[in-house]
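Here are my notes for you, point by point. Keep the structure open beside them and look for each piece as you read.

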Amino acid sequence: MTEFLLAVGAFVLATVALGLIRVLRGPADADRMMAPQLLGTGGIAALLLLGAATGMPGAIDVALTLTLLAAFASVAFVKGASEPAEPEPDEGGGG
Amino acid sequence: MTFALAFDCGLAVLILAMAIWTIAARTTFPAVVGFVAYGLLLTLVWMRLAAPDVALTEAAIGGGLTGVLLLGATSRLRATEPPAVSERPSVPFRLAVAGLCTLLSAAIAAVVLLLPDPAPTLAPEAAAKLSLTGVGNAVTAVLLAYRALDTLLESAVLLLALVGVWSLAPDRFWGGAPRSLALRHRDGSLSLLGQVLPPIGIVLGVYIVWVGADAPGGKFQGATIIGAMWVLTMMAGLQTPPEISQAWVRVILVAGAAFFLAVGIAGFWLAGAFLAYPTGFAKSLIVAIEVALTLSVAATLGLLVAGPPARPVRT
Amino acid sequence: MSLLLDIFTVVAVSLGAVFFLAGAVGLLRFPDTLTRLHALTKADNVGLGLIVLGLLPQTERPLAAVKLIVAWLLVQLASGTVSQLIARTARRTEPPA
């Protein structure tokens with residue numbers, strides 16, 4: 001069972017890698033915003049498989065943390081990419 | 001263990017690819033995306049190395065918070081991006097940078113590869129004295145008992161970082177609130193997420209802090225989750241960043257380091273040394289310090305993301 | 001009983017992996033941002049759901065099983081919201097030609 005779960009983990013990681021290549025190449029920033037979500041979901045799957053395979057303590061806690069932070073990063077990515085060039089308040093008047 | 005090897009090799013290739021992408025990207029946003037991906041992958045690496053405590057920190061800090069801090073920098077740098085991209089450094093300069101970076105990497109690799117086998121370790125001694133601290137997680141014992149001074153200085157460094165960010169504010173905004181983090185296009189689904197996720201996140205953050213005494217977890221990881229949830233409510237437009245001159249903000253920010261320092265000084269009389277815990281009270285003091293630090297670190301990280309004040313004090 | 005549970009795990013986890021593959025293929029093959037987003041969110045969430053389902057019999061304590069399910073629910077909530085946000089950004093920034 002250990003071997004099987006690790007193999008699936010490696011497989012999931014490979015599919016994430018494939019998707020990541022596509023997402024990072026863009027062309028739009030909206031494509032790139034998918035990266036944390038893709039890695040979040042795939043990373044959590046790989047982490048859970050790894051944890052179940054090796055019986056490591058805390059793997060699920062790490063996965064839960066990853067879930068929350070990936071969601072947080074995704075929202076921040078949407079904000080960061082869709083709201084560019086916010087003028088600095090102290091630069092008013094071209095200073 | 002062939003599948004384990006395949007897993008590790010795949011992970012190593014992927015993480016190297018992300019590192020190269022981050023360096024090679026010509027503009028900041030794709031580079032930050034690559035960096036966040038790199039952080040998430042590093043979490044898996046630490047799990048493979050059987051270091052769940054580090055994995056948890058990496059997931060919280062590397063995957064989430066650092067990326068968001070860098071994104072803040074990215075959106076501020078947007079205006080200067082085109083001239084920066086068009087300005088290509090000369091070939092000798094780039095060669096020199098590449099050479100120096102290679103030298104540094106080679107030095108680090110040499111240090112790791114030349115370690116005697118078995119590598120020197122203090123782990124058995126740390127584990128042997130674990131019962132004296134009352135905590136069950138050796139990492140927590142190192143952070144808050146054996147090397148408590150480092151952790152105290154770390155919490156002070158975080159405060160200094162925030163003061164550094166605040167000092168970027170122009171004089172007329174000093175003491176005011178950072179600019180709103182809310183998305184300009186209000187979105188119903190985001191305010192739903194901002195209402196549903198934080199309660200779960202806070203429970204998980206408190207759980208991670210609490211469980212840190214005996215299992216992988218700890219104040220820094222838990223605090224990052226709580227801080228991230230606070231920022232999420234601000235991004236959803238449900239809350240605005242507080243004015244930094246308000247007394248309660250300052251009290252929360254310094255509470256953790258101040259309490260830690262007070263316990264440390266009390267150690268002179270109660271246990272004979274700075275930061276020494278009186279026998280029998282080690283675990284309860286460690287947990288109390290962790291709770292105080294959690295609150296402060298969460299607030300500090302949230303305000304670090306919010307950035308320098310950008311509005312005058314409301315009168 | 002344990003053999004049956006193991007078979008269940010193998011089947012569910014394998015199916016989940018297939019969905020991850022489908023998601024990656026969709027990301028690679030679909031022509032524009034919105035369809036790629038569709039591939040990412042649909043396939044990955046079913047994939048993660050099946051993997052979680054498959055791992056449930058392998059957990060030793062009930063709390064671990066609850067945490068597995070919570071992780072999946074959190075991903076559902078987050079990815080549903082985030083894909084809304086990404087899709088709206090995509091439509092705003094690149095109007096259909």
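Predicted model: local features only at pLDDT ≥ 70, side-chain atom pairs only at ≥ 80, totals over all residues.

1. Let's start with how much of chain A is tucked away: of its 95 residues, 72% are buried.

2. What is chain A built from? You'll find 4 helices and 0 strands there. Reading from the N terminus, the order is simply α-α-α-α. As for how the chain comes back to itself, take the contacts in chain A with a separation of 6 or more: 53% of them involve residues 24 or more positions apart.

3. Now for the neighbours of chain A, beginning with chain B. In this pairing, 46 residues of chain A are in contact with 52 residues of chain B. On chain A's side, the elements giving two or more residues are α1, α2, α3 and α4 of chain A. Which of these gives the most to the side that touches chain B? That would be α4(A), with 18 residues. Sorted by class, this side of chain A has 33 nonpolar, 5 polar and 8 charged residues.

4. Chain A also touches chain C, and here the contact takes 37 residues from chain A and 39 residues from chain C. The elements of chain A that supply two or more residues to this side are α1 (2–24), α2 (29–32), α3 (34–54) and α4 (59–82). Once again look at α4(A), which gives the most to the side touching chain C, with 12 residues. By class, that side of chain A comes out at 27 nonpolar, 8 polar and 2 charged residues.

5. Over to chain B. Out of the 315 residues in chain B, 41% count as buried. Among its contacts between residues at least 6 apart in sequence, 75% join residues at least 24 apart.

6. Where do the domains fall? Domain 1 covers 1–87 and domain 2 covers 122–315. The centres of domain 1 and domain 2 of chain B, taken over C-alpha atoms, are separated by 24 Å. Where these two meet, the contact takes 11 residues from domain 1 of chain B and 13 residues from domain 2 of chain B. The domain 1 side of that contact divides into 7 nonpolar, 3 polar and 1 charged.

7. Last stop, a helix pair in chain C. Helix α1 (residues 2–29) packs with helix α2 (residues 33–55) at an angle of about 170°, and their axes are 7 Å apart. Are the two roughly parallel or roughly antiparallel? That angle makes α1(C) roughly antiparallel to α2(C), because angles over 145 degrees count that way. The crossing of α1(C) past α2(C) is left-handed. And what sits in between? The residues of the contact of α1(C) with α2(C) divide into 17 nonpolar, 6 polar and 2 charged.

Technical notes. Residues numbered from 1 in each chain as written. Chains lettered and ligands numbered in written order. Axes fitted to C-alpha atoms, helices over the stretch in contact; angles between N-to-C directions. Parallel < 35°, antiparallel > 145°, perpendicular 65-115°, else oblique. Left-handed = near helix turned anticlockwise from the far one by under 90°. Nonpolar A, V, L, I, M, F, W, Y, C, P; charged D, E, K, R; others polar. Buried ≥ 20, exposed ≤ 12 C-beta atoms within 10 Å, placed from the backbone. Contact = placed C-beta atoms within 7 Å. Domains from an automatic or database assignment.
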